[in-house]
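Subject: Structure handover

Hello,

Here is the structure for you to look over. My notes on what was found follow below it.

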Amino acid sequence: MKIENLTTEASILEAIKLGEYAFGYQLRIEEIGEKVEKFSQQHLYGIYQEGKLVSKLQILPLEVLINKQKWKMAGIASVASYPEFRRQGHVAQLLTHSLGEMRRLGYTLSYLHPFQIEFYRQYGWEMFCYQKKLTVKKDQLRFIPSDVCRVQRFSLHETPCEVYDLYERYANYQTGMLVRTDLIWKELGKSGQYAVYRSETGRPEGYLRYSIDDRKLAIHEMITISVDAVIGLWNFLCQHDSMIDELAIVTSVFDRLPYLLQAPNVKQELVPWAMARIVDVTLFLRQYPFAERFEPYVVKVSDQLAPWNDGYYIIDGQGEDRFKKVATHEGAVLEMDIRVLTSLLLGSESAIDLYHMKKVIGAFTEIEKCQGSLPILRPFLYDYF
């Protein structure tokens with residue numbers, strides 16, 4: 001069974017056909033050419049049997065922001081097999097192959113949106129971020145005291161230029177949000193409309209991307225860089241009280257909007273959203289924003305699917321080289337697998353919590369050193385792929 005790189009138009013069309021069947025959609029004739037063009041800019045891999053494409057996987061060439069720096073990220077998408085070829089190990093082979101390809105192409109991280117979390121955990125991906133969904137009933141739409149409401153609403157499919165800069169400024173203070181290309185913004189512009197909040201001097205400080213359907217107002221994005229923008233946009237939403245019965249807001253788990261509300265007892269749900277995996281530990285550590293000074297410690301990493309990550313990493317808090325990989329080490333170490341390391345370094349879980357959950361093996365004194373070396377991170381992602 002051979003894995004092939006799908007680069008010809010014929011093979012890409014086969015991949016599109018497989019995707020249509022597996023995910024239950026049908027492209028219009030005029031959409032197929034656009035899809036072929038889009039797929040030709042990605043990395044597609046497939047498994048053939050008897051000359052027929054039976055399984056496939058896509059790698060999307062993306063970037064994310066961590067500590068205001070851009071990192072190469074490979075998004076895993078459209079993993080699919082025809083039903084008669086499922087449970088034959090095809091996906092495992094494709095994921096293993098894709099890890100080698102991602103490393104060869106210089107990707108530091110990989111994200112995916114799981115259909116089943118435990119399935120992808122076998123291959124080294126771990127929960128990276130959750131989304132918080134607030135459900136607000138009509139009688140909970142109460143204005144927050146404010147002098148003015150400087151919000152400009154835009155028509156459907158009209159994307160104001162201000163949102164690009166606002167998104168990037170917001171993303172710089174989160175961890176792992178997507179660097180959005182023109183194509184990504186174009187796709188987002190096909191659904192929902194925008195409202196932008198401006199300060200007294202006219203400076204854009206926040207926006208909403210939202211839609212209204214069947215007396216429900218759905219906030220797909222609420223991006224703010226000031227508390228005035230939070231209050232202004234919330235009061236704008238309250239002005240819809242005659243039009244809706246319910247408001248739903250998707251936001252970060254770190255968002256403090258409920259604290260500001262007059263009726264803060266709104267329903268709050270945590271929704272598992274994206275999984276992440278470090279592709280190349282050495283490359284990742286080379287970019288990682290460790291604290292300026294800390295006590296050195298040693299991490300032993302195990303990675304069944306990516307053996308190039310196996311080994312001991314001496315994390316040095318004072319030297320010019322922040323880490324060094326060695327084959328063996330005598331002395332205290334912190335042992336963890338690639339999933340735990342990913343959670344730790346992306347800020348999804350703290351070192352101390354992972355220790356208490358018995359996900360890290362080692363002395364508590366070493367855990368404290370590790371915790372002291374890490375920056376405060378806020379993992380979050382709005383996008384879906």
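**Overall picture**

Buried residues account for 50% of the 385 residues in the chain. Please bear in mind that this is a predicted model. The secondary structure amounts to twelve helices and 17 strands. Along the principal axes, the C-alpha atoms of the chain fill a box of roughly 65 × 55 × 35 Å. The radius of gyration is 23 Å, which agrees with the value near 21 Å that a compact globule of 385 residues would have.

The chain exposes about 19000 Å², and carbon and sulfur atoms supply 49% of that area. For contacts in the chain between residues at least 6 apart in sequence, 71% join residues at least 24 apart.

**Helices α1 and α2**

Two packed helices are described by the angle between their axes and the distance between the axes. Helix α1 covers residues 9–23 and helix α2 residues 29–40; they pack at an angle of about 110 degrees, and their axes are 10 Å apart. Angles of 65 to 115 degrees count as roughly perpendicular, so α1 is roughly perpendicular to α2. On the α1 side the contact is made by Glu9, Ile12, Leu13 and Ile16, and on the α2 side by Ile32, Lys35, Val36, Phe39 and Ser40. By class, the residues of this contact are six nonpolar, one polar and two charged.

**Two residues with positive phi**

Most residues other than glycine have a negative phi. Arg87 is not a glycine, yet has a positive phi of about 60 degrees. This residue sits in the loop that runs between β4 (69–81) and α3 (90–104). Arg87 has a relative accessible area of 85%, so it is exposed.

His157 is the other case to look at: its phi is positive, about 70 degrees, and it is not a glycine either. His157 is placed in the loop between β7 (151–153) and α5 (162–171).

Gly206 belongs to strand β10, residues 204–213. Its relative accessibility is 0%, and Gly206 therefore counts as buried. Leaving aside neighbours within four places in sequence, Gly206 is in contact with Leu166, Ala195, Val196, Tyr197, Ile223, Thr224, Ala229 and Leu233. Glu9 is one of the α1 residues in the contact with α2.

Leu344 is in helix α10, residues 338–345. Is Leu344 buried or exposed? At 5% relative accessibility Leu344 counts as buried, because the cut-off for buried is under 20%. Not counting residues up to four places away in sequence, Leu344 touches Tyr288, Met336, Glu349, Ser350, Ala351, Leu354, Cys370 and Leu374. One of these, Cys370, is 26 residues away from Leu344 along the chain, and their C-alpha atoms are separated by 9.5 Å.

Val227 is found in helix α7, residues 227–238. With 45% relative accessibility, Val227 counts as partly exposed. The C-alpha atoms of Val227 and Asp147 are separated by 14 Å, and the two residues are 80 apart along the chain.

Regards

Methods
Residues are numbered from 1 along each chain as its sequence is written. This is a predicted model: local features need pLDDT of at least 70, side-chain atom pairs count only at pLDDT 80 or more; totals for chains, interfaces and linings use all residues. Side-chain values use heavy atoms; hydrogens and water are left out. Axes are lines fitted to C-alpha atoms, for helices over the stretch in contact, and angles run from 0 to 180 degrees between N-to-C directions. Helices (H or I, at least four residues) and strands (E, at least two) are DSSP runs, numbered from the N terminus. Angles under 35 degrees count as roughly parallel, over 145 as roughly antiparallel, 65 to 115 as roughly perpendicular and the rest as oblique. Contact means heavy atoms within 4.5 Å. Ala, Val, Leu, Ile, Met, Phe, Trp, Tyr, Cys and Pro count as nonpolar, Asp, Glu, Lys and Arg as charged, and the others, Gly among them, as polar. The radius of gyration is taken over C-alpha atoms; the globule rule is 2.2 Å times the number of residues to the power 0.38. Buried means under 20% relative accessible area, exposed over 50%, partly exposed in between (1.4 Å probe, protein chains only). Accessible areas come from the Shrake-Rupley method with a 1.4 Å probe; for residues, only the protein chains shown count as cover.
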